[in-house]
Amino acid sequence: MATNIATTSATLRDVTKMERIGAHSHIHGLGLDENLEPRASSQGMIGQGPARRAAGIILKMVQEGKIAGRSILMAGPPSSGKTAIAMGMAMTLGSDVPFVTLTGSEIYSLEMSKTESLTQAFRRAIGVRIKEETEIIEGEVVEIQVDRSVTGATKTGRLTLKTTDMETIYDLGTKMIDQLTKEKVLAGDVIQIDKTSGRISKLGRSYGRARDYDALGADTKFVQCPDGELQTRKEIVHTVSLHEIDVINSKTQGFLALFAGDTGEIKPELREQINAKVSEWREEGKAEIVPGVLFIDEVHMLDIECFSFLNRALENELSPLVVMASNRGITQIRGTKYMSPHGIPLDLLDRVLIISTKKYELDDIKQIIRVRAQEEDVTFEEGALDALTQIGSQTSLRYALNLIAPSSHVAKRRKASEIGVQDLRLAYKYFTDVGRSLAFIEEQQGLLMFGESATQTSSNGSGQPMGTEFNANASEAAPMEIS
Ligand SMILES: Nc1ncnc2c1ncn2[C@@H]1O[C@H](COP(=O)(O)OP(=O)(O)OP(=O)(O)O)[C@@H](O)[C@H]1O
Ligand SMILES: [Mg+2]
């Protein structure tokens with residue numbers, strides 16, 4: 001079966017993600033200039049200059065396709081922007097270069113072995129840019145007619161397409177009708193239908209119909225009605241990941257598994273066949289490998305088996321750039337009794353380039369809060385902004401950012417347009433930070449469930465605390481005075 005390897009299915013890309021205000025939604029890139037120098041505040045990124053520059057250099061190497069099989073580690077205290085920088089990297093890479101995110105704990109699933117889920121993540125991060133000649137139908141929609149059966153279960157229909165030289169009527173099945181509806185195709189649109197996959201793409205509206213409606217969206221694109229034959233051959237380039245090729249060709253799964261997200265384990269023989277086929281295509285000039293980025297957040301959650309797998313996988317010819325992030329200091333390597341920096345074995349650490357992120361200074365914290373306030377569409381009185389900056393520096397940046405939304409609610413309740421110090425004070429009172437929560441626990445000793453002493457030691461008796469985070473001194477217990 002290796003001779004006939006499919007690389008297309010109806011739609012491979014994820015459905016567009018829902019827009020909402022997530023923790024990193026203000027980040028649109030790394031904010032570097034053309035010399036890869038970090039701008040003070042750009043694309044939602046503030047401060048952390050050296051780390052951003054380092055990430056920019058790595059990205060450049062990825063874009064030039066030079067850096068397969070390498071890995072970098074971003075190490076630094078909690079909320080110092082490690083995940084944010086990784087998001088910035090993802091935004092900077094084009095849609096064509098894969099960026100796959102995995103959190104250390106995600107690999108512990110019952111359905112799949114750890115190494116299988118890592119392998120899948122690796123293969124998802126390798127793109128294959130394939131040049132193919134396909135038959136396409138391209139024309140302007142004259143009319144779409146849909147006939148529904150009485151129950152509505154089956155639909156049939158006819159699609160009339162034209163070019164400047166001819167007009168033809170095509171019969172439509174349920175699947176095509178659904179696609180036309182999904183793409184919101186109307187009479188007057190110029191569309192392209194890929195004959196092998198049945199994929200429909202809208203190219204724009206025909207100039208001839210430009211004056212039909214006066215309420216078209218600002219992003220409406222106008223194109224000429226095509227000329228010549230409706231059916232033509234065209235060379236198209238599309239990028240799929242190795243994992244997608246695996247799944248499409250897996251006998252037990254089939255491409256429908258891509259939609260369900262339930263891909264199960266894939267046989268190693270199939271992967272070998274696909275690798276062989278892809279390298280054949282490369283030699284024939286039909287395909288190019290696009291090594292992408294695999295981001296493993298909270299990498300200390302991986303265990304020794306995964307780390308040894310990573311060591312080997314990084315040496316593979318088909319390996320993406322692996323970016324790891326960790327906020328742990330010296331901690332136990334999962335699955336062993338040994339301690340190691342960041343919980344990563346020394347042999348793997350030896351292979352990675354380390355980028356360190358530092359705790360933010362007051363100015364940066366203030367700027368980040370400003371950017372977040374803009375993102376969440378709220379405004380602060382200057383005094384409140386200063387107070388929140390103080391909170392951020394004395395507790396944690398993340399706690400300060402988390403207070404924005406509740407204090408804005410409090411302000412809204414008193415019908416104020418700006419968040420004032422009194423609103424912040426209330427939010428600070430309602431929601432405690434780790435330091436105050438710890439003080440509460442100590443006060444309530446014995447009343448809470450499982451309340452052992454806070455200074456728990458590791459089971460190996462080494463006396464060192466388990467998983468020391470960089471700033472393990474969970475801040476001062478006494479509440480701050482907000483002035
Ligand atoms: N340089 C920055 N510019 C703008 N926003 C930032 C920057 N650094 C961090 N942030 C924002 O601050 C919050 C915390 O940062 P982030 O989640 O990246 O921390 P982290 O280093 O990954 O922490 P952890 O180790 O706890 O995972 C996020 O909302 C992030 O978007
Ligand atoms: Mg993080």
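In which strand is Asp189 placed? Asp189 lies in strand 8, residues 189-194. Helices (H or I, at least four residues) and strands (E, at least two) are DSSP runs, numbered from the N terminus.

The model is predicted: local features need pLDDT of at least 70, side-chain atom pairs count only at pLDDT 80 or more, and totals for chains, interfaces and linings use all residues. Residues are numbered from 1 along each chain as its sequence is written, chains are lettered from A and ligands numbered from 1 in the order in which they are written, and side-chain values use heavy atoms, with hydrogens and water left out.

Asp189 counts as buried because its relative accessibility is 2%; buried means under 20% relative accessible area, exposed over 50%, partly exposed in between (1.4 Å probe, protein chains only). Its side chain makes a polar contact with the side chain of Arg205, at 2.9 Å. A polar contact is a pair of N or O atoms within 3.5 Å; within protein, one must be able to donate a hydrogen and the other to accept it, and residues adjacent in sequence count only if both atoms are side-chain atoms.

Ligand 1 was examined next. A nitrogen atom of ligand 1 is 2.5 Å from an N or O atom in the side chain of Tyr360. An oxygen atom of ligand 1 is 3.0 Å from an N or O atom in the Asn327 side chain. For Gly81, a polar backbone atom is 3.1 Å from an oxygen atom of ligand 1. Taken alone, ligand 1 exposes 630 Å², and the protein buries 95% of that (Shrake-Rupley method, 1.4 Å probe; for residues, only the protein chains shown count as cover).
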